[in-house]
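Open the model in your viewer and get ready to select residues by number. Work through the stops in order.

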Amino acid sequence: MNDTQPLITNDAVVFGLLMILLGVIFVTNNSKTPFWKKFYTYVPSVLLCYFLPSIFNSMGIISGEDSQLYFVASRYLLPASLVLLTLSTDFKEVMKLGSKAIIMFLTGTVGIMIGGPLSIMFFAWVAPDVVGGDIHDIWRGMTTIAGSWIGGSANQAAMIEVFQVDEELFSKMVTVDVIVANLWLAVLLIGAGKSKQIDAFLKADASAIEGVKNKIEDYQLSISKIPTMTDLMIVLAVGFGVTGISHALADWIGPWIGANFPELAKYSLTSSFFWLVVIATTIGLGLSFTKCRQLEGVGASKVGSLFIYILVATIGMQMNVIAIVDSPGLFLVGIVWMLVHILLLLVVAKLIKAPFFFVAVGSQANVGGAASAPVVASAFHPSLAPVGVLLAVLGYALGTYGAYTCGVLMQLVSGQ
């Protein structure tokens, strides 16, 4: 944890800085200058939107920990973007993507469950001192990472209680969790821009995904028009109106379940954020069967994508890469753990010839949850964002069970 005061503490100024960064990135991305054209051939713009704020955070110019911008983006802009991105979704076509999405998601879950114990075994054999000389205590803290990576913050909190993790160890594990997960997110965003080459390596058939993308794009072209002020106001009214309804229902449903069925907390069903994401996505999909679908013609998904990019910037400002020097051994454990998850995903993808889209979204639905899974999905195409949300919801349901099983396995291999 960083106790030093950041250079900029006013969130209005921080938000202005983030928006300037996003503006510069998009202007240079659309530049005809040979340098920028070559630069963005290798570096996806969405990666810069994520990575540059992390540099400002790491340098102490801004503080992702102290800022409320991520909270605002995840609670207001994320649900609104989910509504606007799902308006034009052909739900039947999305469902035709088949079972490979579920298989890759579950593979990612298993990869995290076995990756924790394997990383402990690896360092106990190769370099037991790398985690501070007492590897037997590390497994408890690692259970909180398992809860976060399979499910979310509610599942992580459950692991703290179940395995009695002390505050100092937990604070270190939170840093490992955030940085390792965000480094992997950066890799996925790069991979999204090279998905065709990766699919060729995996010998995967991405025709179903391309079919959904093409159908959405054809529909967008068929109804496209220059938006008026009224059109844009309606787009915002629908997006934030549904967000408001989702908040109202989530703020009632979560506490009601918590009061009457507290045992359902292990499924994240007492979390208001869980219900916020589920309700906003459900209403958005419902509106795709109504005349609201025509709002796509005036740029509903573009506005939704704009919100996603702002969310990406606020996610990026959560990462402090300099924190790696505080506990380098723990980060090595986290990286090996993540590599097991990645390797298993790639092996299974190769065996079943699953497109990289399913690898990326299946992984992020576990590791990142509902806040970043749609970000990765929309990096492939905005119309695919609902796939990320649906899989992330499944991750919340499995989070506590998967993390608990992982914790027991780590306890066993630690000799406790």
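Keep in mind that the model is predicted.

**Stop 1: the cavity**

Select Ile138, Met142, Ile145, Met173, Val176, Leu330, Val333, Gly334 and Trp337. Together they line the largest cavity. The structure holds one cavity of 30 Å³ or more. The space in the largest cavity is about 30 Å³.

Now colour by helix. Which helices each supply at least two residues of this lining? They are H7 (135–150), H9 (167–192) and H15 (328–352). Of these, H15 gives the largest share, with four residues.

What kinds of residue line the largest cavity: nonpolar, polar or charged? Eight are nonpolar, one is polar and none is charged. Gly334 is part of this lining, and glycine counts as polar here.

**Stop 2: a residue on H7**

Stay on helix H7 and select Asp137. Is Asp137 buried, partly exposed or exposed? Its relative accessible area is 41%, so Asp137 is partly exposed. That label covers values between 20% and 50%.

Asp137 and Ile102 are 34 Å apart in space. Along the sequence, 35 residues separate Asp137 and Ile102.

**Stop 3: the nonpolar patch**

Switch to a surface view. Select Val110, Ile114, Leu118, Met121, Leu409, Leu412 and Val413. These residues make a nonpolar surface patch of about 550 Å².

Two helices, H6 (100–126) and H18 (385–413), each supply at least two residues of the patch. Which of them gives the largest share? Helix H6 does, with four residues.

Zoom in on Val110, which sits in helix H6. Val110 counts as partly exposed because its relative accessibility is 39%.

**Stop 4: the second largest pocket**

Move on to the second largest pocket. Its volume is about 390 Å³. Where is its centre? Select Ser45, Val46, Tyr309, Ser378 and Ala379, the closest to the centre among the 19 residues that line this pocket.

Then show the helices around the pocket. Those that give two or more residues to its lining are H2 (34–42), H3 (45–58), H9, H14 (300–316) and H17 (373–380).

How does the lining of the second largest pocket divide? There are 13 nonpolar residues, five polar and one charged.

**Stop 5: two lysines in loops**

Select Lys203. It lies in the loop between helix H10 (195–202) and helix H11 (207–223). Check its backbone angles: phi of Lys203 is near 55°. That is a positive value in a residue other than glycine. Lys203 counts as exposed, because its relative accessibility is 58% and the cut-off for exposed is over 50%.

Finish with Lys353, in the loop between H15 and helix H16 (356–367). Phi of Lys353 is also positive, near 55°. Is Lys353 buried, partly exposed or exposed? At 44% relative accessibility, Lys353 is partly exposed.

Note on methods:
Residues numbered from 1 in each chain as written. Predicted model: local features only at pLDDT ≥ 70, side-chain atom pairs only at ≥ 80, totals over all residues. Heavy atoms only, no water. 1 Å grid on protein atoms, 1.4 Å probe; cavity = no way out; pocket = protein on both sides within 12 Å on 5 of 7 lines; lining within 4 Å. Points joined across faces, edges and corners; volume = space filled by probe spheres on them. Patch = residues over 30% accessible without salt bridge, like charges linked within 9 Å, V, L, I, M, F, W, Y side chains within 5 Å. Areas by Shrake-Rupley, 256 points an atom, 1.4 Å probe, with all protein chains shown as cover. Salt bridge = Lys/Arg side-chain N within 4 Å of Asp/Glu carboxyl O. Buried < 20%, exposed > 50% of the residue type's maximum accessible area, 1.4 Å probe, protein only.
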